[in-house]
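Please open the model in your viewer and display it as a cartoon.

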Amino acid sequence: MMPEEIKDLKMGDGAEFDRRAFFTKLGLGSLGIAAVGTAAFAYEFLSPNVLYEPSPIINAGKPENFALDSVTIDVKSGIYLVHSKEGFFALSAVCTHLGCLTTWKPELGIIACPCHGSKFNREGAKIEGPAPAPLAWLRSWVSDEGDLMVDRSTNIRAMEFLRV
Ligand code: FES
């Protein structure tokens, strides 16, 4: 065999080896990507599809933080805390028509719904509009630490004031 033939043969063998290694790595890489995708899909499929709701119990803080004749909305929890001369009470701020969040209008002394115009007095009774029911009164109490607590999941009869 001539030296040039030996050189060509080595180059040919080297080029073949590199191509094979390349395709092997490409195949393994593809399998790896497919395996990761399958594992991610399996994890998503097998993990429980649960919504974690926040607690219905709200700690509104100390009663002395609420001035007499004040109406305070907690937008995050969707409640009003009212301090009237008869005592404290908590109202749902969610309109009984289609569930919009109402707002307190201090200049008018009413609670108004921005969606379809329902209006309620400070005690939650409907004044006008399409709302089918008054705003719900919510159970409230004073904790052992002296904080005002509200349970959004428990309605009470209207005009049951909490005296602190
Ligand atoms: S949602 Fe309040 S009036 Fe319609």
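The tour visits the sheets and their strands in turn.

This is a predicted model, in which local features need pLDDT of at least 70, side-chain atom pairs count only at pLDDT 80 or more, and totals for chains, interfaces and linings use all residues. Residues are numbered from 1 along each chain as its sequence is written.

Begin with the open sheet of 6 strands, ordered β1-β10-β9-β4-β3-β2 with antiparallel pairing. Strands are DSSP runs (E, at least two residues), numbered from the N terminus, and two of them pair if DSSP finds at least two bridges between them. Select β1 (57-61) and β2 (70-74): these are the edge strands, and each pairs on one side only. From one strand to the next, the twist averages 30°, with axes taken as lines fitted to C-alpha atoms and angles running from 0 to 180 degrees between N-to-C directions.

Next, select β9 (residues 137-142) and β4 (residues 87-92), which pair in the antiparallel sense over 2 bridges. Here Ala-90 has Leu-138 as its bridge partner, and Leu-91 has Trp-137.

β9 and β10 form a hairpin with 5 residues between them; in the turn, select Gly-146, whose phi is positive, at about 85°.

Finally, turn to the open sheet of 4 strands, β5-β6-β7-β8, where the pairing is antiparallel. β5 (103-105) and β8 (126-128) stand at the edges with a single partner strand each, so one side of each is left without a neighbour in the sheet. Select Lys-105 and its bridge partner in β6, Ile-110; 3 bridges join β5 to β6 (residues 110-112).
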